[in-house]
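The tour below goes from stop to stop, with something to select at each one.

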Amino acid sequence: MSQIAVIGSGLMGSGIAQVAGLAGWSVSLIDTDPRALERAQTAVADSLGRFVAKGRVGEDDAQAAQDRIAHTTDMETAAEAEIVVEAVFERLDVKREVFGRLSAICPAETVLATNTSAIPITEIAAAASEPERVVGTHFFSPVPMMKLCELVRGLHTGDEALARAREFAESCGKTCVVVNRDVAGFATTRLICAFINEAAALVEDGVISAEDLDTACRLGFGHPMGPLATADLTGIDVIAHATENIYEDTADAKFFPPAILRRMAAAGELGRKSGKGFFSYER
């Protein structure tokens, strides 16, 4: 059975573990916090339960997927994986620390992937002893529902690492697009951050309400979800941090997060995960 390790058991990490388990991979879900691992186990069980209730997954398949996911605080288990996907918080120093450890733990043939949505792959790969095996695998949230995976080449990413990352993502039912230039925000995050920034600025300036803006985007542009609901789903803090990363790299004013995003993040109004963002949610 093919083996994968996922570093970080938050929303993204647990989602990647779930789709990998369903695809038949043997998964090690690794986190330093045992309580986070317990939450991840519950989240995967709940998600698969909803899939079963909707008839999208059989009960036996759902249980088999859960059985394939081992939860551990031992980073050394990553040495047994063919591919390791890092899905920790979007901070360069945190990711570099992880990749430095993985370089010491994993054999040279192991592909090291990062699930970043905005940080240049080359900057993360600088902490690895073999940057040619580091590749960006930007899964979209929620991972069990979204079909897209944005594969990103760092400056030194090798063809084999890219091909093996694509093989893994496609085995999990994802459609892949490839970003060949390692720019901050890649392609999709640059687009959505610019869109969300302008949408938030229009609401902040009193031009239009959040509700009407998202309605306009859904009905006028055919978007299944408006940009502000997308920000709430992704996390206001995540969006603000991503736009700041892109702005720092490009000095392009359109990526500087408007004050409303920064204030909401500081106030803990983070969207769905906190119960309140641009819209209110039952927790």
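What follows is a list of selections, each with a short account of what is there.

This is a predicted model, in which local features need pLDDT of at least 70 and side-chain atom pairs count only at pLDDT 80 or more, while totals for chains, interfaces and linings use all residues. Residues are numbered from 1 along each chain as its sequence is written, and side-chain values use heavy atoms, with hydrogens and water left out.

**Stop 1: Glu86**

Select Glu86, which sits in strand E4 (residues 83–86). Helices (H or I, at least four residues) and strands (E, at least two) are DSSP runs, numbered from the N terminus. Glu86 counts as buried because its relative accessibility is 0%; buried means under 20% relative accessible area, exposed over 50%, and partly exposed in between (1.4 Å probe, protein chains only).

The side chains of Glu86 and Lys95 form a salt bridge, 2.4 Å from N to O. A salt bridge here is a side-chain nitrogen of Lys or Arg within 4 Å of a carboxyl oxygen of Asp or Glu. Side chains of opposite charge can pair when their charged atoms come close. Lys95 is also buried, at 0% relative accessibility.

Contact means heavy atoms within 4.5 Å.

**Stop 2: Thr114**

Move across to Thr114, in strand E5 (residues 111–114). Is Thr114 buried or exposed? Thr114 counts as buried, at 0% relative accessibility. Besides Glu86, Thr114 touches residues including Ile121, Ile124, Val135, Gly136 and His138, not counting residues up to four places away in sequence.

**Stop 3: the second largest pocket**

Select Ile7, Gly8, Ile30, Asp31, Thr32, Thr73, Met75, Val88, Val94, Glu97, Val98 and Arg101, which line the second largest pocket. A pocket is found on a 1 Å grid over the protein atoms alone, as an open set of points with protein on both sides within 12 Å along at least five of seven lines; a cavity is a set of points where a 1.4 Å probe fits but cannot get out, and lining residues have an atom within 4 Å of a point.

The second largest pocket holds about 260 Å³ of space. Grid points are joined across faces, edges and corners, and a volume is the space filled by probe spheres set on the points.

Which helix gives the most to this lining? Helix H4 (residues 92–105) does, with four residues. Colour the lining by class to see six nonpolar, three polar and three charged residues. Ala, Val, Leu, Ile, Met, Phe, Trp, Tyr, Cys and Pro count as nonpolar, Asp, Glu, Lys and Arg as charged, and the others, Gly among them, as polar.

**Stop 4: the cavity**

A search of the whole structure finds one cavity of 30 Å³ or more. To find the largest cavity, select its lining: Thr122, Ala125, Pro131, Val134, Gly154, Leu155, His156 and Thr157. The lining has four nonpolar, four polar and no charged residues.

**Stop 5: Arg153**

Next select Arg153, in strand E7 (residues 148–153). A polar atom of the Arg153 side chain lies 3.4 Å from the backbone oxygen of Thr157. Arg153 and Thr122 are 31 residues apart in sequence, with their C-alpha atoms 8.2 Å apart in space.

**Stop 6**

The structure holds 12 salt bridges. For one of them, select Arg166 and Glu170, whose side chains meet at 3.3 Å, N to O. Arg166 and Glu170 are separated by about one helical turn, because they are four residues apart in helix H6 (residues 159–171).

Finish with Lys273 and Asp237, a salt bridge with its closest N and O atoms 3.0 Å apart. Lys273 lies in the segment after helix H11 (259–266) and Asp237 in helix H10 (residues 236–250), so the pair ties together parts that are 36 residues apart in sequence. Lys273 is partly exposed, at 44% relative accessibility, and Asp237 is partly exposed at 22%.

Technical notes: A polar contact is a pair of N or O atoms within 3.5 Å; within protein, one must be able to donate a hydrogen and the other to accept it, and residues adjacent in sequence count only if both atoms are side-chain atoms.
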